[in-house]
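The sequence and structure are shown below, followed by the points grouped by topic.

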Amino acid sequence: WDMDTATMRFTFVSQRAESMLGYPARRWTDEPTFWLDHMHPDDRSWAPGLCATATRELRNHTFEYRMLAADGRTVWLSDIVTVVVEDGRPARLRGIMFDVTERRKAEEERQKLERKLLDTQKLESLGVLAGGIAHDFNNLLTGILGHASLARLDLPPSSSIQPCLEHIDTAARRAAELCQQMLAYSGKGRFVVQLLDLNQLVTETTHLLNISISKTCILRFNPAKVLPAVMADATQMRQIVMNLVINASEAIGKRSGIIAISTGVARVDRDYLLTLRHSAELVPGDYVFLEVSDTGVGMTAATIDRIFDPFFTTKFTGRGLGLAAVLGIVRSHKGAIKIYSEVGRGTTFKVFFPCAVGPAEAVLLPDATAANAPLPGGSGHVLVVDDEETIRTVVARMLELLGYTTETANDGREAVEKFRADPARYQAVLLDLTMPHLDGEETFRQLRHLRPGVRVVLMSGFNEQEAISRFTGKGLAGFVQKPFEVATLAAAIRAVTLAT
């Protein structure tokens, strides 16, 4: 093509333009504003100005912009422009346009894949970090909670020290809850998986939701009339609902607003999957969704990009993992999240879970009287194996309080040596999962080789499902989740010794 710089009108355009955009080539020369009129609106604001500036400065230039084709397509053009100079002034422009639409599409797809890869790598790295920290913190909290519970048992109820111990207990439990959130973020937070009815779960959580949100907020629940079950852990699902609703309440703040919880079933196709966050493992099909929307302040795109980062907050201080924990739970349940948000108009989180086959099961609520029940005592010799001295000490003291005789080993290798000396002596073994020299899995295998019927209870800072996955079908007798108190350990070891 050629252009007269005095009038900025095309004087020649080759016939190739017709096959590229679908318009007759003569329209480029006959219509003075054809180029501008058919340029994409987003590029019209800068592309002509760039060309005009470079022309005044006598600079050859190359730039890429979009044109609207006759059939409605958007065509990317790469324009290579030569400024023809006469008497020190730009006399005319001469250029070549290339259709680079396919290249631009390929670049966009590559960038999308790179972003997904970076997101995946980031989540995996943070997940490993969160899981490792949660495991180590649970070990520390086992010592804190264990010693506090022992101290409370040693002191009379009227002791002035009891309130202090209660505060220690409360703080440690909150720290343990944070560890559970970290395990949830790392994708290792599921415990009891069953067929769940999300409508029932939200209904049963309504009272707790109402007391957790601002009094200026109105909470509405719009359940689907018919909703397939999902294969999920009820506690983790409640955490999703609670975190999203509390997040919505904080977005509304002190103003009046509405928080709406909705459920339903959606047919998700491949194109829609691409709009979901962390949907790499999902396939097109029917999904149950849980939607929480608010009329709060909304979020910018920059904020949305960071809301799932651990401890990221738009408030004055971080309060936990929040949405990061939600993401971890969703990922561990093979789900994905869709976010709609507009500044000043509110936000909607839509969480998708695969539909399960079969009717929902009843959710068993904790026994409120269990915490006040007398501690079940026992007798017999128990081997306590853990590489943390604090845990060995507190667990041994707990067992001795319950009537058992204990012996300790600081790793798997020492445990096997002590057990080999007299395998019949031990009624049960309390075994840590993660240890140096000989880990819990290999220690368990060697103990079973020495005495096939030995009763082994696994202790771990990871959740039960994650911890015992390597012991399935191998005869593991029980499991206790760190941190634990005397009552929890008493129930676990009692069940094992009674079955001996």
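The largest nonpolar core holds 39 residues, and M237, I240, I337 and F349 have the most contacts inside it. A nonpolar core here is a set of buried Ala, Val, Leu, Ile, Met, Phe, Trp, Tyr and Cys residues joined through side-chain atoms within 4.5 Å. The model is predicted: local features need pLDDT of at least 70 and side-chain atom pairs count only at pLDDT 80 or more, whereas totals for chains, interfaces and linings use all residues. Residues are numbered from 1 along each chain as its sequence is written, and side-chain values use heavy atoms, with hydrogens and water left out.

- Beyond its neighbours within four places in sequence, I240 is in contact with L290, V326, I329, V330 and F353, where contact means heavy atoms within 4.5 Å.
- A second, separate core has 24 residues, including V13, L21, C51 and Y65.

**Helix α5**

- Helix α5 spans residues 47-56, and its buried residues are A47, P48, C51, A54 and T55; buried means under 20% relative accessible area, exposed over 50%, and partly exposed in between (1.4 Å probe, protein chains only).
- Viewed down the axis of α5, these buried residues fall within an arc of 135 degrees, so they line one face of the helix; the arc is that of the directions from the helix axis to the C-beta atoms.
- The packing partners of the buried α5 residues are α3 (34-37), α4 (41-44), β3 (61-68), β4 (74-86) and β5 (89-99).
- L58 follows α5 and has a positive phi, near 60 degrees.

**Cavity**

- One cavity of 30 Å³ or more is found in a search of the whole structure. On a 1 Å grid over the protein atoms alone, a cavity is a set of points where a 1.4 Å probe fits but cannot get out, and lining residues have an atom within 4 Å of a point.
- The largest cavity has a volume of about 30 Å³; grid points are joined across faces, edges and corners, and a volume is the space filled by probe spheres set on the points.
- W1, M3, W35, C51, F63 and D79 line the largest cavity.
- By class, this lining comprises five nonpolar, no polar and one charged residues. For this count, Ala, Val, Leu, Ile, Met, Phe, Trp, Tyr, Cys and Pro are nonpolar, Asp, Glu, Lys and Arg are charged, and the others, Gly among them, are polar.

**Buried strand residues**

- S78 is found in strand β4 and is buried, with a relative accessible area of 9%.
- Not counting residues up to four places away in sequence, S78 touches T62, F63, E64, I96, M97, F98 and V100.
- T263 lies in strand β9 and counts as buried at 6% relative accessibility.
- Apart from its neighbours within four places in sequence, T263 is in contact with N199, F221, N222, P223, A224, L227, F289 and L290.
- T263 and L399 are 136 residues apart along the chain, and their C-alpha atoms are separated by 47 Å.
- V382 belongs to strand β13 (residues 381-385) and counts as buried at 0% relative accessibility.
- The residues touched by V382, not counting those up to four places away in sequence, are L399, Y404, T405, T406, E407, Y426, A428, L430 and I493.
- The C-alpha atoms of V382 and E407 are separated by 6.4 Å, with the two residues 25 apart along the chain.

**Backbone features in loops**

- K482 and P483 are joined by a cis peptide bond, with omega about -5 degrees; P483 is in the loop between β17 (478-481) and α17 (486-498).
- K334 is not a glycine, yet has a positive phi of about 60 degrees.
- K334 is placed in the loop between α12 and β11 and is partly exposed, with a relative accessible area of 48%.
- H437, also not a glycine, has a positive phi of about 70 degrees.
- H437 lies in the loop between β15 (428-432) and α15 (440-450) and is exposed, with a relative accessible area of 57%.

Methods:
On a 1 Å grid over the protein atoms alone, a cavity is a set of points where a 1.4 Å probe fits but cannot get out, and a pocket is an open set with protein on both sides within 12 Å along at least five of seven lines; lining residues have an atom within 4 Å of a point. Helices (H or I, at least four residues) and strands (E, at least two) are DSSP runs, numbered from the N terminus.
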